[in-house]
Amino acid sequence: MEALRELAGRHAFITGGGRGIGAAIAAALLRQGARVTLAGRDAATLEATAASLRGQGEVNAVTLDVAEPASVAQAMASAAQAFGPIAILVNNAGQASSAPILKTDAALWQRMLDVNLSGTFHGIQAALPGMLEAGWGRIVNVASTAGLTGYAYVSAYCAAKHGVIGLTRALALELAQKGVTVNAVCPGYTDTDIVREAVANIAAKTGRSAEQARGELARANPQGRLVQPDEVAQAVAWLCSPGSSAINGQAIAVAGGEVM
């Protein structure tokens, strides 16, 4: 049981923590004893998730816009007042929009960069000083297999997620002797709201049924299924553990073998 509490006293801040992968990560880190702050834009969703998790440990909820550095800094300062300095940062907030390249306008392109790449950068800049002062920290960026390979019709999303992987690797080297590790997990198609929206979009544009569209995405995984949020959460929790201190600068695919 003690091993399950190896993050006791550590404060974990999770962006996009109100649902899906973020909520699963929160539950996994609570099981290891961490205090958890859920962060995102939808206050009602965050508070509902926080309320559902409070029986497992200490949970707080704060609103922010990851694309706005002042909003991120303010949310982290508020969270630190409640639970102490942030020792673990999970940059999970993200958006995925699809369009052929010639229909990808500047606004869509910029939104994908702002949320997926710049949002990760802003979170790191706000949380890192406290980690450096403590001499210990874990930064885990939830990227995507789209950060490791290409997918048609999501060029802006792929570009942003490739940027997250590059940021992860560069920062891992910069902080390698500071007690802070930086890694990424790269889920394949996962059973979340983003994939459900993709299924609806495919069905609407192609005339296929939702079941057929879902099956098409599942077939991208050699295991023939969608990844479950808790499977991603377990990978994140391991990277946050004290025993993962030699794991740094890695981009770990959680995708059933889709990307090797």
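This is a predicted model: local features need pLDDT of at least 70, side-chain atom pairs count only at pLDDT 80 or more; totals for chains, interfaces and linings use all residues.
**Exercise 1: H1 against H8**

Work out how helix H1 and helix H8 pack, and which residues make the contact.

*Solution.* 
- Start with the geometry: H1 covers residues 20–31 and H8 covers residues 229–240, and their axes lie 8 Å apart at an angle of about 45°.
- Now name the arrangement. Angles from 65 to 115 degrees count as roughly perpendicular and those under 35 as roughly parallel, so H1 is oblique to H8.
- For the handedness, H1 and H8 make a right-handed crossing.
- Next, pick out who touches whom. H1 brings Gly 20, Ile 21, Ala 24, Ile 25, Ala 28, Leu 29 and Arg 31, while H8 brings Pro 229, Asp 230, Val 232, Ala 233, Gln 234, Val 236, Ala 237 and Cys 240.
- Sort them by class and you get eleven nonpolar, two polar and two charged residues in the contact of H1 with H8.

**Exercise 2: The cysteines**

Find how many disulfides the model has, and explain why Cys 240 is not in a bond.

*Solution.* 
- Recall what you're looking for: a disulfide is a covalent bond between the sulfur atoms of two cysteines.
- The cut-off for a pair of cysteine sulfur atoms is within 2.5 Å, and by this rule the count is zero disulfides.
- Then try Cys 240. Its closest cysteine sulfur is also in Cys 186, but at 15 Å that's too far for a bond.
- Finally, check the surroundings. Cys 158 counts as buried because its relative accessibility is 8%, and Cys 240 is buried as well, with a relative accessible area of 0%.

**Exercise 3: H3 against H4**

Describe the packing of helix H3 on helix H4, then sort the contact residues by class.

*Solution.* 
- H3 spans residues 69–83 and H4 spans residues 106–134; the two pack at an angle of about 40°, with axes 9 Å apart.
- The roughly parallel class takes angles under 35 degrees, and H3 and H4 are therefore oblique to each other.
- The crossing of H3 past H4 is right-handed.
- On the H3 side, the contact uses Pro 69, Val 72, Ala 73 and Met 76; on the H4 side, it uses His 122, Gly 123, Ala 126 and Ala 127.
- That contact of H3 with H4 splits into six nonpolar, two polar and no charged residues.

**Exercise 4: What H7 buries**

List the buried residues of helix H7 and say which helix they pack against.

*Solution.* 
- H7 runs over residues 210–218, and its buried residues are Ala 213, Gly 215, Leu 217 and Ala 218.
- These buried residues pack against helix H6 (193–206).
- For the geometry, the axes of H6 and H7 come within 8 Å and cross at roughly 120°. That makes H6 oblique to H7.
- H6 passes H7 in a crossing that is right-handed.
- The contact itself involves Val 195, Ala 198, Val 199, Ile 202 and Ala 203 from H6, plus Ala 210, Ala 213, Arg 214, Glu 216 and Leu 217 from H7.
- By class, the contact of H6 with H7 has eight nonpolar residues, no polar ones and two charged.

**Exercise 5: Two residues of S5, and a loop**

Decide whether Ile 139, Asn 141 and Tyr 153 are buried or exposed, and place each one in the fold.

*Solution.* 
- Take Ile 139 in strand S5. With 1% relative accessibility, Ile 139 counts as buried.
- Beyond its neighbours within four places in sequence, Ile 139 is in contact with residues including Leu 89, Ile 124, Leu 128, Met 131, Leu 171 and Val 180.
- Asn 141 is in strand S5, and counts as buried at 0% relative accessibility.
- With neighbours within four places again left aside, the contacts of Asn 141 include Asn 91, Thr 120, Val 164, Thr 168 and Asn 183.
- Val 90 is 51 residues from Asn 141 in sequence, yet their C-alpha atoms are 5.8 Å apart.
- Now Tyr 153, which sits in the loop between strand S5 (137–142) and helix H5 (155–174). At 57% relative accessibility, Tyr 153 counts as exposed.

Conventions
Residues are numbered from 1 along each chain as its sequence is written. Side-chain values use heavy atoms; hydrogens and water are left out. Axes are lines fitted to C-alpha atoms, for helices over the stretch in contact, and angles run from 0 to 180 degrees between N-to-C directions. Helices (H or I, at least four residues) and strands (E, at least two) are DSSP runs, numbered from the N terminus. Angles under 35 degrees count as roughly parallel, over 145 as roughly antiparallel, 65 to 115 as roughly perpendicular and the rest as oblique. A crossing is left-handed if the near helix is turned anticlockwise from the far one by less than a right angle, and right-handed if clockwise. Contact means heavy atoms within 4.5 Å. Ala, Val, Leu, Ile, Met, Phe, Trp, Tyr, Cys and Pro count as nonpolar, Asp, Glu, Lys and Arg as charged, and the others, Gly among them, as polar. Buried means under 20% relative accessible area, exposed over 50%, partly exposed in between (1.4 Å probe, protein chains only).
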